[in-house]
Amino acid sequence: MSIHGFRERGRHACSFPLLNPAKTLRLPSSSIRSSISFGRFEMELPKGLSLGRGGASTTAKVAIVVGITVAGVLIVAEAARRRRRRSRHLDVKDFGAFVERFEIYPSPQPPPPAARHRLSDLKFAVSDNFEIEGFVAAGYGNPDWKRTHEPGSQTAVVVSWLLKNGATCVGRTVLDEFAFGLMGGVNAGHYSRASNFNLLNMFCFCKTSTVKLEKIVQFFGISDVTLSVTGENLHYGTPYNPELPSLVPGGSCSGSAVAVAAELVDFALGTDTIGGVRIPSAFCGVFGFRPSHGILSMLGILANSQTLDTIGWFARDPSILHCVGHILLQASPLGLKRTRRFILADDCFQLLRVPKQRTVDVLSKAIENLSGYQPCKHMNISQYLMTNVLSLKEFTEPTPKEGTSILKAVSSAMVLLQRCEFKLNHEEWFNTVKPRIGVRNSSQVLAAVNSTQDNTKSLYKVRAEMRSALNSLLKDDGILVIPTVADFPFKRDLRKKLTCEIEDRLHALLSIAGMSGCCQVTVPLGKYEEYPISISFIAAHGADKLLLDTIVDIYPSLQEQISVASNSGPIPYINGDMDAAELLKEKGNAAYKGKQWNKAASFYSEAIKLNDTNATYYCNRAAAYLELGCFQQAEADCSQAISLDKKNVKAYLRRGTAREMLLCYKEALQDFKHASVLEPQNKTALAAEKRLSKLIG
């Protein structure tokens, strides 16, 4: 194709870099009035196709969209070609964890008889947002950032402290762009900038014309400009997860987690805003520590959101995690041993797709024979927060049951707060430089840079009340136990955007420590179905030493129970007498009518032990579980009931309710649709269909 109708950029330009300027869109024209640019070329539109502020004709919109579409096709085709070419020669040295390698040696050892530095002979790496004096500027995961910033005038305080204590720094690691991603590189084109386009320039153009940004975004298959958690980095590639190379390593500090998991370093530093340390530690099967907010200096570290940002660190060995923590926190290695209380957040574990025998049961059995540990207690953290964080009402969406809607409200406030502060920090730079950003990260950056929050005070009020509520619950000896993540790591070649259900589950768990500023540690628990699994411990703000000491204290016992659980199998049910089972069912019904939910579930369980082929028993127990907030158990019971009776309407309705509470909206919608097919006049099913269809969009 030849170039036709192009001239220098005008004031209506919108930049989309083309890989081959010779292949451009030909539009016949006799008189030029407006234009749209592609890279350093600008396409001049025919007379009458105005893009001025006053309005644009339908033909103009079509021409613009066609031009953008052609550019997109060429970009995607060239990106695919380069990925195929590079995949044949892909250098996976160091698992792709590092942006740059170097060595900064520690302070000299003190002469005898002084003790050696506590971190002697240990190597560490830092994420690409830590400044180091004398080296190129931290890249913040984006080459345009590095290009437009001078090297740091001083080394980050925490890095200096580690060097003084004997550790050697060996490089910077891959970071999702601007520390935004959480998955660490879904569908990442290794080292390819070809598939990027200047989305910020596109947004600036759309603000001056009537062309809708959403329409253009749809042509490129970009996920909604809301909560995107794919976290790819197309500039430096995606590190390979040592646990399973076909899976993403998690982000935003994917490189640091991979470097530790692959035994390239002894420990590594990263930052955690809304999950940057906790997610990759869970996906890579290593320890990850997020300290109490504000307890460590952030000087020399690029900011994302000051109210949420913390420094974090990764380690394979709990003793190294503990030692690094004590040095950074400047905590005394000695101290009185406290009694510890573990509190299991049952509603959070309802979101987890792993049997409780591999998570909470492992912990409960591990502390049975340890001195100073009280038996685990259970609670519904959502109900507690609903009662004690009153400012959440502004962010809560109406649902048929309270359930996880409270945690969803907390996560909504967290994401809004991050956007507001990121915009305050970096809006001017983005508008000036208009950097090239990975397609999926563009949606997050756009949402932040163009966010508008009229009442930021309400966000800070939620944060203050969250910290107060968690501190009151945990005091100086309590540890809240939750899953680190609800879902398994995703495939590296995932092409589809993450569903809103996955995002909601992920953010719900991250928001508890994120918005309260409390400290949290990710504890690996081996594997389930070949995927790494973990739980997290959360302690009150400032109780970091308690958390570090607890990990070192209980982990040997945890390892024993992990081994036992990994080698155990499910216990089968035994059929029994039919009449006795029916009697137990009736007792369960009576208890249910009396609102004795636990007692009812117990009776139904006994009936199932005697007769495990009756769908009604499972369906009735599911109803009791719903009232108790045990949504995962309710879903499982309904599935069993449906397998026994394909036309059990109540089972579909109850499973739909359970799945909605578990934030699995699409699956819930299917259940309600199935119920309405079986009973077309069922008002509950019809109302749920309407509600979920609107929610999914």
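Ala-179 sits in the loop between strand 6 (168–173) and helix 4 (199–207). Helices (H or I, at least four residues) and strands (E, at least two) are DSSP runs, numbered from the N terminus. The model is predicted, so local features need pLDDT of at least 70 and side-chain atom pairs count only at pLDDT 80 or more, while totals for chains, interfaces and linings use all residues. Residues are numbered from 1 along each chain as its sequence is written, and side-chain values use heavy atoms, with hydrogens and water left out.

Most residues other than glycine have a negative phi, and most peptide bonds are trans. Ala-179 has a positive phi, near 60°. With 8% relative accessibility, Ala-179 counts as buried. Buried means under 20% relative accessible area, exposed over 50%, and partly exposed in between (1.4 Å probe, protein chains only). Lys-475 also is not a glycine and has a positive phi, of about 50°. Its loop runs between helix 14 (456–474) and strand 12 (478–483). Lys-475 is exposed, at a relative accessible area of 53%.

Cis peptide bonds were examined next. One joins Pro-112 and Pro-113, with omega about 10°. Pro-113 belongs to the loop between strand 4 (98–104) and strand 5 (123–127). Another cis bond runs from Gly-251 to Ser-252, and its omega is near 15°. Ser-252 falls in the loop between helix 5 (213–219) and helix 6 (254–261).

The chain as a whole contains 23 helices and 14 strands. Of its 697 residues, 59% are buried. Contact means heavy atoms within 4.5 Å. Among contacts between residues at least 6 apart in sequence, 76% join residues at least 24 apart. Ser-160 and Ile-132 are 28 residues apart in sequence, and their C-alpha atoms are 9.0 Å apart in space. Ser-160 lies in helix 3 (residues 157–164). At 24% relative accessibility, Ser-160 is partly exposed.

Buried in helix 20 are Phe-631, Ala-634, Glu-635, Asp-637, Cys-638, Ala-641 and Ile-642. These residues cover an arc of only 165° around the axis, which puts them on the same side of helix 20. The arc is that of the directions from the helix axis to the C-beta atoms. An α-helix has 3.6 residues a turn, so residues three or four places apart point the same way. The cover over the buried residues of helix 20 includes helix 19 (615–628) and helix 21 (649–661).

A search of the whole structure finds six cavities of 30 Å³ or more. On a 1 Å grid over the protein atoms alone, a cavity is a set of points where a 1.4 Å probe fits but cannot get out; lining residues have an atom within 4 Å of a point. Grid points are joined across faces, edges and corners, and a volume is the space filled by probe spheres set on the points. The second largest cavity has a volume of about 90 Å³. Its lining includes Leu-352, Val-354, Thr-359, Asp-487, Phe-488 and Ser-534. By class, eight lining residues are nonpolar, two polar and one charged. Ala, Val, Leu, Ile, Met, Phe, Trp, Tyr, Cys and Pro count as nonpolar; Asp, Glu, Lys and Arg as charged; and the others, Gly among them, as polar.

Key
1 Å grid on protein atoms, 1.4 Å probe; cavity = no way out; pocket = protein on both sides within 12 Å on 5 of 7 lines; lining within 4 Å.
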